[in-house]
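Please look over the chain and its ligand shown below.

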Amino acid sequence: MTPLLEVAGLSKRFGGLVAVKDLALTVGGGEVVGLIGPNGAGKTTAFGLISGSLVPDAGEIVFRGHSIKGLPPHRVCALGMARTFQIMRPFPRLTVVRNVMIGGLGRHPHPAAAEARSRAIVDELGLGAKADHLAGSLTLAERKRLELARALATEPVLLLLDEVMSGLGERETETLVREIRAINARGIAILLIEHVMRAVMSLAQRIVVLDGGERIAEGRPATVANDPRVIEAYLGDERLV
Ligand SMILES: Nc1ncnc2c1ncn2[C@@H]1O[C@H](COP(=O)(O)OP(=O)(O)O)[C@@H](O)[C@H]1O
Ligand SMILES: [Mg+2]
């Protein structure tokens, strides 16, 4: 079966720095794939390339059978891919629901329909009580949820999550892991950049490890966590599973 997303030979340099080098990556329909690696490994750059906000220097990106290399983000999104940003940027002077509606209007051009759908997503993500508050008034954990809600409102088949758990407390992380699992249970595939190892180990069926822009390992969570190259590059000498 052809994967939902297939990336091959993907490369991007910024001046003299090769941020992503010859990256190959696949995500199957409904799969959860973790993307891990030390700071500066090229994870966020890879997301930018896949979602269309950065133009690759080389490589191919095929999503649902379409070559999407060079397509702008809104076209990639219309095909069913949504991403969250590590550096969140909601519209602070719009309400939570209005922020989510901006994502939803692409699927439901009628504002009333987009609003109804957005309220449902906001409720589902536990932000119901804040639906009509300004986004600028949210806590960090709530802003992370809003970022997720905005992406979900575009009704993706593939969701790219960039460190949605960083900075959260243990209970908040556990809740978010459950919510992400529920999103995946509805058939939405997820590519997950995450530093919170416990979360990525429990969510991902497969993990890809980047270091210095290159893929250094790939496999089942337990295998990857015990790979000596991964331990050296990233995990320290601490065994995680
Ligand atoms: N727009 C940019 N211009 C120049 N260098 C960049 C840019 N974006 C990222 N980089 C560099 O590319 C490398 C990979 O960054 P990034 O993809 O953000 O890594 P990660 O998300 O894995 O921490 C880093 O060395 C970073 O400084
Ligand atoms: Mg990053």
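Phe63 has His66 as its bridge partner in β5, and 2 bridges in the antiparallel sense join β4 to β5. Strands and helices are here DSSP runs numbered from the N terminus, with at least two residues (E) for a strand and at least four (H or I) for a helix, and two strands count as paired if DSSP finds at least two bridges between them. This is a predicted model, in which local features need pLDDT of at least 70 and side-chain atom pairs count only at pLDDT 80 or more, while totals for chains, interfaces and linings use all residues. Residues are numbered from 1 along each chain as its sequence is written, and chains are lettered from A and ligands numbered from 1 in the order in which they are written.

Phe63 is also the bridge partner of Leu5, and Glu60 in β4 is the bridge partner of Ala8; in total, β1 (residues 5-14) and β4 pair in the antiparallel sense over 5 bridges. These strands belong to an open sheet of 4 strands with antiparallel pairing, in the order β2-β1-β4-β5. Because β2 and β5 stand at the edges with a single partner strand each, one side of each is left without a neighbour in the sheet.

Arg64 sits in the loop between β4 (58-63) and β5 (66-67), and with 15 other C-beta atoms within 10 Å it is partly exposed. On this scale a residue is buried if 20 or more other C-beta atoms lie within 10 Å of its own, exposed if 12 or fewer do, and partly exposed in between, with C-beta atoms placed from the backbone.

Glu163, likewise not a glycine, has a positive phi of about 50°. Glu163 is found in the loop between β7 (158-162) and α6 (170-185), and it counts as partly exposed, with 18 C-beta neighbours inside 10 Å.

## The shell around ligand 1

The residues around ligand 1, meaning those whose C-beta atom, placed from the backbone, lies within 6 Å of it, are Phe14, Leu17, Ala19, Gly37, Asn39, Gly40, Ala41, Gly42, Lys43, Thr44 and Thr45. Two or more residues of this shell come from each of β2 (17-27) and α1 (43-51), and the largest share, 3 residues, comes from α1.

By class, the shell has 4 nonpolar, 6 polar and 1 charged residues. Here Ala, Val, Leu, Ile, Met, Phe, Trp, Tyr, Cys and Pro count as nonpolar, Asp, Glu, Lys and Arg as charged, and the others, Gly among them, as polar.

## A covered helix and its surroundings

Helix α3 (residues 96-104) is mostly covered, since 7 of its 9 residues are buried, namely Val96, Val97, Asn99, Val100, Met101, Gly103 and Gly104. What covers these buried residues includes α4 (111-124) and α5 (140-152).

Val122 lies in helix α4 and counts as buried, with 27 C-beta neighbours inside 10 Å. Leaving aside its neighbours within four places in sequence, Val122 is in contact (C-beta atoms, placed from the backbone, within 7 Å) with Val96, Val97, Val100, Leu127, Gly128, Ala131 and Ala149. The C-alpha atoms of Val122 and Arg145, which are 23 residues apart along the chain, are separated by 8.5 Å.

## The core and the whole chain

A nonpolar core is a set of buried Ala, Val, Leu, Ile, Met, Phe, Trp, Tyr and Cys residues joined through C-beta atoms within 7 Å. The largest one has 69 residues, of which Leu35, Ala149, Leu158, Leu159, Ile190, Leu192 and Val209 touch the most other members. Not counting residues up to four places away in sequence, Leu192 touches Val32, Val33, Gly34, Leu35, Leu161, Val200, Leu203 and Ala204.

The chain has 9 helices and 10 strands, and 42% of its 241 residues are buried. Of the contacts in the chain with a separation of 6 or more, 62% are between residues 24 or more positions apart. The C-alpha trace spans about 50 × 40 × 40 Å along its principal axes.

How values were computed:
Two residues are in contact if their C-beta atoms, placed from the backbone, lie within 7 Å.
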